[in-house]
Amino acid sequence: MQDRYISIEGISREYPAPGGGTTKIFDDLWMSMSRGEFVAVIGHSGCGKTTVLNILAGLDAPSSGVVIVDGKAIEGPSLDRAVIFQSHALLPWKTALGNVAYAVSSRWPRWSRAEVNAKAMAAIKLVGLEAAADRSPAQLSGGMKQRVGIARALSIDPKILLMDEPFSALDALTRGTLQDEVRNICIETGQTVFMITHDVDEAIYLADKIVLMTNGPGARIAEIVANPLPMGRTRNDVHRHPAYYPVRNHIIDFLVSRSKSFDSEIAAGKPWDSRNPPLVNPAIPEPATLAQVAVAAGAEQAQATQQVFTQAQRRRTT
Amino acid sequence: MTQSIEVRASLVSALILVTFLLVWHLAVTGGGSGQAMDPEYAKLMGITATQGKSAMPGPLDVGATLWGHIKDPFYVRGTNDVGLGLQLGHSIMRVMAGYLLAMAVAIPVGFLIGMSPLMSRALDPFIQVLKPISPLAWMPLALYTIKDSGTSAIFVIFICSIWPMLINTAFGVANVRKEWINVARTLEVGPLRKAFTVILPAAAPTIVTGMRISIGIAWLVIVAAEMLVGGTGIGYFVWNEWNNLSITNVITAILVIGFVGMLLDQGLARLGRFVTFPE
């Protein structure tokens, strides 16, 4: 039985549409996460991924539904849920250490300056930035800034780490190093992580479960992919694992075509319950699923898949 | 050509200054044409008429007067004969009093307007109407209600320096990056601590820009205000010397006003550099 540490229960979010009425960005999302789990959400732009993360952070509120964390409904932001922002969001008038110390002193307001600085420095060391601790964000590279953002989030000993495309603004080399570091830190500390990403490889490398969202407006959680790769995977051999390409292909197939056509899949009679999105394991092929893909995979789709594939590869190599 | 642009620019500046002084000097040095005049009439008319000397002083006269004022800035030889330093002191005190009062009102109210879209909209019509009023238009009302000319001048400075600070503070506060606010929110930072540790530093460059505009306007207005209220101050000095027909002193005062205004502006520019953060 799964422990429901985080439980997203039927949330939806509406925005006023231009010209009156409202647009439902996503509708009736149900999902749960257990303690220590690393979940990545993948979906096209505009499916409301960031809004879901903001709701988890308490920065935004759902139009309907609730999110329950550790038995309590979320009512606003909390120091228990640290956010790593896509744009690092460092305060430019503080040094790297000052930014982390600001978080530490918010977490433990009664601590002395020395205690705060010691804790902040420990977080800075964790991300390997002790040499640049006294520099201002303007003097740091993109990767270093994001490291400070990660140190700031980890410094407050959060129960849950929320990451909004944390590596998307980085170059490929820095991204790889930072992914390794974040993965190690999360495994060592048993951190519960909710991450948004566009990068399929990143999701497969980091996450235990990958949530696939259909296109917005009216986005839904189509299915949750259980990552079949072993816990001890490393960057160097992850792509040699026999389960790697089935998972990758499954996700890319979803992003290329099924994220658009998912509603028609349901209309065609596919059994699907929004309250209980299916947990699939592409490494253990379900005959039905495979057959569907094979039938749907005409020349057109194969081409499209190939296109996304080469794009992703090009992105990795640049 | 190897000289830096700063050196070359100061050379050109010096050249312009020298040319200007030379032209000025030549323009006011008239030829003597005071012959054939009744000595008694000539005495009445003064050297302007008798020797054809221009009433306009030359740069040397102004320099000598300026040097005299610099040597002895703080003398008091009667109500209308007070050293330039003391007059400047009065003006600076008035500007500072009105300016600091304006700061004490404009920055908190600007914060309120910037933080609250409701207050922003509610106060907007008042600001829009009050802002374009010439500060001197308040003078009669101030004199009537306050009944003290010195305090009225301070009020006029207050009312003219409040608007740029208010508007810039509100703008700076309202436009603090959402992500910085979100950082404070996720860290559960209280409203007061958020105001001082996130919003104030983020809005500081905009606020100081407003302060810089305000001090400039205040220094412009004080001269006119003191011409009206009289008594003391650099503005009164200018007007008094005009009544004395001492153009030399008027020009000296003009130079000093410009110099002090520059110092005030530079001081706030320095403060601006101090609070600006690189991104």
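Contact here means heavy atoms within 4.5 Å of each other, and helices (H or I, at least four residues) and strands (E, at least two) are DSSP runs numbered from the N terminus.

## Ground rules

This is a predicted model, so to speak of local features you need pLDDT of at least 70, and side-chain atom pairs count only at pLDDT 80 or more, while totals for chains, interfaces and linings use all residues. Residues are numbered from 1 along each chain as its sequence is written, chains are lettered from A and ligands numbered from 1 in the order in which they are written, and side-chain values use heavy atoms, with hydrogens and water left out.

## A well-covered helix in chain B

Let's start with helix 11 of chain B, residues 234-243. Seven of its ten residues are buried (under 20% relative accessible area; exposed is over 50%, partly exposed in between, with a 1.4 Å probe and protein chains only), so helix 11 of chain B is largely enclosed by the rest of the structure. The buried ones are B:Ile234, B:Gly235, B:Tyr236, B:Phe237, B:Val238, B:Asn240 and B:Glu241.

What covers them? The cover for the buried residues of helix 11 of chain B includes helix 4 (59-71), helix 5 (84-115), helix 10 and helix 12 (247-275) of chain B. Just after helix 11 of chain B, B:Leu245 takes a positive phi of about 60 degrees.

## Where the two chains meet

On the chain B side, 17 residues are in contact with 20 residues of chain A. Together the two chains bury about 1800 Å², 66% of it on carbon and sulfur atoms; buried area is the accessible area (1.4 Å probe) that two parts lose on being put together, summed over both. In chain B, B:Val183, B:Thr186 and B:Leu187 lose the most area to chain A, together 32% of what that side buries.

Two elements of chain B give two or more residues to the side that touches chain A: helix 9 (178-186) and helix 10 (191-229). Helix 9 of chain B gives the most, with six residues. By type, the residues on that side of chain B split into nine nonpolar, three polar and five charged.

Polar contacts do turn up: seven residue pairs across the interface, both at pLDDT 80 or more. A polar contact is a pair of N or O atoms within 3.5 Å; within protein, one must be able to donate a hydrogen and the other to accept it, and residues adjacent in sequence count only if both atoms are side-chain atoms.

## Salt bridges

Over all chains, the structure holds 19 salt bridges. In chain A, the side chains of A:Asp157 and A:Lys119 meet in one of them, at 3.1 Å from N to O. A:Asp157 sits in the loop between helix 4 (142-155) and strand 7 (160-164) of chain A, and A:Lys119 in helix 3 (residues 113-126) of chain A, so the pair ties together parts that are 38 residues apart in sequence. A:Asp157 is partly exposed, with a relative accessible area of 42%, and A:Lys119 also counts as partly exposed, at 23%.

In chain B, the side chains of B:Arg94 and B:Glu226 form a salt bridge at 2.7 Å, N to O. This pair links distant parts of the chain, with B:Arg94 in helix 5 and B:Glu226 in helix 10 of chain B, 132 residues apart. Both B:Arg94 and B:Glu226 are buried.

## A buried arginine in chain A

A:Arg175 lies in helix 5 (residues 172-189) of chain A. Is A:Arg175 buried or exposed? A:Arg175 is buried, with a relative accessible area of 12%. The side chain of A:Arg175 reaches the backbone oxygen of A:Leu170 at 3.1 Å. Leaving out residues up to four places away in sequence, A:Arg175 touches A:Phe167, A:Leu170, A:Asp199 and A:Glu202.

Terms used. Ala, Val, Leu, Ile, Met, Phe, Trp, Tyr, Cys and Pro count as nonpolar, Asp, Glu, Lys and Arg as charged, and the others, Gly among them, as polar. A salt bridge is a side-chain nitrogen of Lys or Arg within 4 Å of a carboxyl oxygen of Asp or Glu.
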